[in-house]
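Good morning, and thank you for coming. Please look at the display.

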Amino acid sequence: MSKPPREKPPVPDRLPASVVDSHTHLDACGAVTADDVREIVDRAERAGVGRVVTVADDLASAQWAAEASTWDERVFAAVAVHPTRTKAFGEAERSEVERLARLPRVVAVGETGLDYYWDYSPHDAQQEAFRWHIDLAKRVGKPLMIHDRDAHEDVLRVLEEEGAPDDVVFHCFSGDEVIARRCVDAGYVLSFAGTVTFKNARSLREAARLVPSEQFLVETDAPFLTPHPFRGQPNEPYCAAYTVRNLAEVRGVGVHEIAESARRNAERVFRLLSVTGG
């Protein structure tokens with residue numbers, strides 16, 4: 001007998017200011033059609049999460065994300081091939097990612113980077129693909145959205161060697177205070193997910209305290225990384241509201257201030273106010 005579906009966390013009270021979920025996976029949340037997307041984003045908006053960036057991890061997901069971003073004005077997309085899927089990343093895949101990256105509602109190249117936790121793709125293949133995505137972000141003039149798992153030193157090294165784009169976002173930042181300081185000093189933006197709320201995330205919370213107000217974003221990485229106390233339940237963009245409130249407590253400021261800063265930063269980094277049509 002199959003297990004019953006896990007219950008989603010309750011939709012929290014609306015935030016005092018609208019925020020952007022800077023990294024989610026609407027397809028992995030179960031969205032297929034425009035109606036599915038609208039339902040998820042409507043639920044998010046009830047919690048004060050007014051816009052989302054849906055992110056790809058393979059070519060099919062990139063094509064879907066780019067298309068989904070045209071179904072609802074509150075949805076934007078980021079496209080790339082995830083580092084764990086770069087074992088076979090040839091010219092056909094690169095050509096299609098570049099085509100998608102140039103679409104107006106695709107606001108970032110990502111998620112790309114390095115993942116040394118899983119053993120799905122050789123490190124050299126990941127680094128080669130990462131370097132290509134860095135170059136693509138610079139050529140299309142869009143921010144680079146980084147996946148960094150157990151690979152902090154190599155990610156920072158490759159960025160320095162290649163020359164980072166003007167805007168770099170460390171999605172679901174997972175480093176400690178030392179790595180956070182190096183990223184901040186380099187001008188990178190750190191995006192915090194539900195992991196910052198976990199009970200065992202002391203060093204991550206210390207990192208979150210030191211990031212300047214103009215260099216952080218908030219995300220869900222839904223359907224993964226649901227904030228405490230709902231860890232293990234299905235995540236959705238509306239759950240970014242829980243992380244916003246937690247970050248306000250961690251940083252010792254008001255919830256309104258955190259939401260406003262995260263929104264302004266997302267609008268600046270992803271140029272959301274200038275995105276048109278498509």
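Predicted model: local features only at pLDDT ≥ 70, side-chain atom pairs only at ≥ 80, totals over all residues.

Asp135 and Arg139 lie 4 residues apart in helix H4, and are therefore separated by about one helical turn. Helices here are DSSP runs of H or I with at least four residues, strands are runs of E with at least two, and both are numbered from the N terminus. The two residues form a salt bridge, with their closest N and O atoms 2.7 Å apart; the term denotes a side-chain nitrogen of Lys or Arg within 4 Å of a carboxyl oxygen of Asp or Glu. Asp135 is partly exposed at a relative accessible area of 34%, and Arg139 is partly exposed at 37%. Buried means under 20% relative accessible area, exposed over 50%, and partly exposed in between, with a 1.4 Å probe and protein chains only.

Residues are numbered from 1 along each chain as its sequence is written, and side-chain values use heavy atoms, leaving out hydrogens and water.

Which residue forms a salt bridge with Asp167? The partner is Arg271, the closest N and O atoms being 3.1 Å apart. This pair links distant parts of the chain, 104 residues apart: Asp167 is in the loop between H5 and strand S6, and Arg271 in the segment after helix H9. Asp167 counts as buried, at 18% relative accessibility, whereas Arg271 is partly exposed at 32%.

Across the whole structure, a search finds 25 salt bridges.
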